[in-house]
Amino acid sequence: MRVRVIPVAELKRQLLPRGGSSLWLDLPDGTTIGDVIRQLDVKVTDRLIVGLDGAYAPPETPLHDNAELTLVTPMEGG
Amino acid sequence: MANGFWNRVLRVDLTTGKTWEEHPTDEFFRHHVGGRSFIAHYLLKEVAGDTDPLGPDNRLIFMAGPVTGTPLPGAGRHSVGGRSPLTGGFGEAEAGGFWGAELKHAGYDGIVIQGKAEKPVYLWIDETTVEIRDAAHLWGKKTGDVEDAIRADHGDRLIRVAQTGIAGENLVKYALVVNDLNECAGRTGMGAVMGSKNLKAIACRGKKQVPMADPKKIREVAMWVRDTMDENHYNFHHYGTGAAMVGKHLEGHLPVRNWQLGTMDTVELIDAKTLKAEFGEKMDGCYACSVRCKKRTRVDAMLTGGVAVEPKYGGAEYETLGATGTNLGIDNLAMLCRANQELNWYGLDSVSTGATIAWAMECWQRGILTGEDTGGLALEWGDGALLNQLIEMIANREGFGDFLADGALAAARKLGRDTEQYVVHVRGLEVAMHDPRAMDRMLENYPVNPTGGDHTGGAHHRTSLRNTIGVCQFLAYDDTMTLDIVNATTGWGMDQEELKTVFERGIAMAKLFNLRCGFTAADDRLPARFLEPLKTGPFADKPLTEEQVRKVVTDYYAVHGWDEQTGTPKPETLEKLGIAEYATA
């Protein structure tokens, strides 16, 4: 299956150092959100917030073909 | 003379037209340091508990910190304080930009203003002059025109201006003091206090360098900020605040529709990433700051109903995108950019303005407010044009805008109909855009914060200390670096314990003033809305309980040496902090 990963703000710098807005991953069936996070080796100083198709989803959630994963760190400032 | 200070506080009596200087000692400065503690000192010494916040006896206090005006990233901060017309208690707000640094460069640490001028005036300050000047030509003008006119008066484009807007002239109780057109001392209505004194603006110009004990160390820290930008300040540097609003949506604690919902599917239409991509002109900075987190936006008038958005009024921060965007259900970014400009034109606090409108919209949603009450306005969620119309009406106290101009709590009390339950406030101050149901830091802050529902008001060590020393909250200085910065500026050789005492002193003094104004422990609480579950998102089944909030409050009292029942700082605490004199002042 193919999954689109959309890193937000500072995670974009980490995962898309050459620019662009998202990356596509080819993954075996049964892959979970947690598997993708480990594969990408995402480094955050606070916590990582993950959305699946626009809604909050825990790491053990299995992915599906054409899923959209949003990766974001908590808000800064006000 | 200590480093970091001039030992000069300017006093201004607008009733008599007299100005003079006070010269606090080095010991006094080390004791109080700046911002909050200075403001509390003057309020406790000179303002009675029954003083009308909009009367001549209130004080309007502008205070820098020791670090303000040094060449350090984040050192453009100053505080503005007085008795709040919105809450009736301790009022304080902070702003960045250039004005505070310019005041220091003109040779002053702060200004304390009392009385009321017979007719509109502005204050002109440079290194050799203090003048109270006629402001008839400035009254009723939008902030950009006021700044232009003052600079033209003096033939100097580098003059820095702090001013109250038309909202402050009209005594809107959440009017703010804006400097540099887009830097706002936003909370608690200090713009209304300024307007009540017929003081339109304070214009500063100066070139004196703030004396520093160890300028090499300050330069080193400045280099560290520059050289580690991506590691420490990437989001701020590239987007300012509000880049990751989708994170709040995903986690379920985005303020939506007066805090009824925790999610908004269209949030990415109005976050800082989209703002930068669609309307970003450039990023800009405050005095001496390489982080440059300030957005400058430009929007064509065709997209906003006929009003072009100019970069000089900045760009919406997260608080504005939340308070006038998600919390009103508005996802039209161009209209939010216009609203941000209108708020800065008129000098209105975006949080209180948005929150007061949100209360009214919820009352409309529930059928409690009708067209008969609103003069025919339909207060539907998501209406960006209505938002801009209401901002103008509030600032000018026109029609239903006048009804909203004293804040959400006052409006609910005027309306009755059991609508106070929909006001999301702490001690009369509408809550900033961070939900304590999901954020422990805010649960631990709002109920005990000296100013009420302010996320930066500083009930705790870090925020309070930053406000006191004059350094921006956004800089990634840890406690050790903060201490180094204070010592490199002042040469005091403080340790962490002494710096902590400065914080303790500030919150205790602010508490004493709130007690004087009639607040009790019963006021240290959260509004009913946060004891209800959110209707959408992961926090839908996680309301707070009264017991949780009460425990936060009593724990806070205990940790700081305040009576656990009344919240009054204990005599031994005041004695230990060296502020016993204020309890009876």
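**View 1. The interface between chain A and chain B.** In this predicted model, 26 residues of chain B are in contact with 20 residues of chain A. The area buried between the two chains is about 1800 Å². Carbon and sulfur atoms give 65% of that buried area.

**View 2. The salt bridge across the interface.** One salt bridge is found between chain A and chain B. The partners are R47(A) and E251(B), whose closest N and O atoms lie 2.6 Å apart. Polar contact across the interface of chain A and chain B involves four residue pairs, with both residues of each pair at pLDDT 80 or more.

**View 3. The side of chain A that touches chain B.** Four elements of chain A each give two or more residues to this side: α1 (10-15), β3 (49-52), β4 (55-56) and β5 (67-72). Sorted by class, the residues on this side of chain A are nine nonpolar, six polar and five charged.

**View 4. A strand pair in chain B.** Strand β1 of chain B covers residues 9-13, and strand β2 of chain B covers residues 18-22. The two strands pair in the antiparallel sense, with five bridges between them. Within this pairing, W20(B) in β2(B) stands opposite R11(B).

**View 5. The turn of the hairpin in chain B.** β1(B) and β2(B) form a hairpin, and four residues lie between the two strands. G17(B) is in the turn and has a positive phi of about 75°.

Definitions and conventions. Residues are numbered from 1 along each chain as its sequence is written. Chains are lettered from A and ligands numbered from 1 in the order in which they are written. This is a predicted model: local features need pLDDT of at least 70, side-chain atom pairs count only at pLDDT 80 or more; totals for chains, interfaces and linings use all residues. Side-chain values use heavy atoms; hydrogens and water are left out. Contact means heavy atoms within 4.5 Å. Buried area is the accessible area (1.4 Å probe) that two parts lose on being put together, summed over both. A salt bridge is a side-chain nitrogen of Lys or Arg within 4 Å of a carboxyl oxygen of Asp or Glu. A polar contact is a pair of N or O atoms within 3.5 Å; within protein, one must be able to donate a hydrogen and the other to accept it, and residues adjacent in sequence count only if both atoms are side-chain atoms. Ala, Val, Leu, Ile, Met, Phe, Trp, Tyr, Cys and Pro count as nonpolar, Asp, Glu, Lys and Arg as charged, and the others, Gly among them, as polar. Two strands pair if DSSP finds at least two bridges between them.
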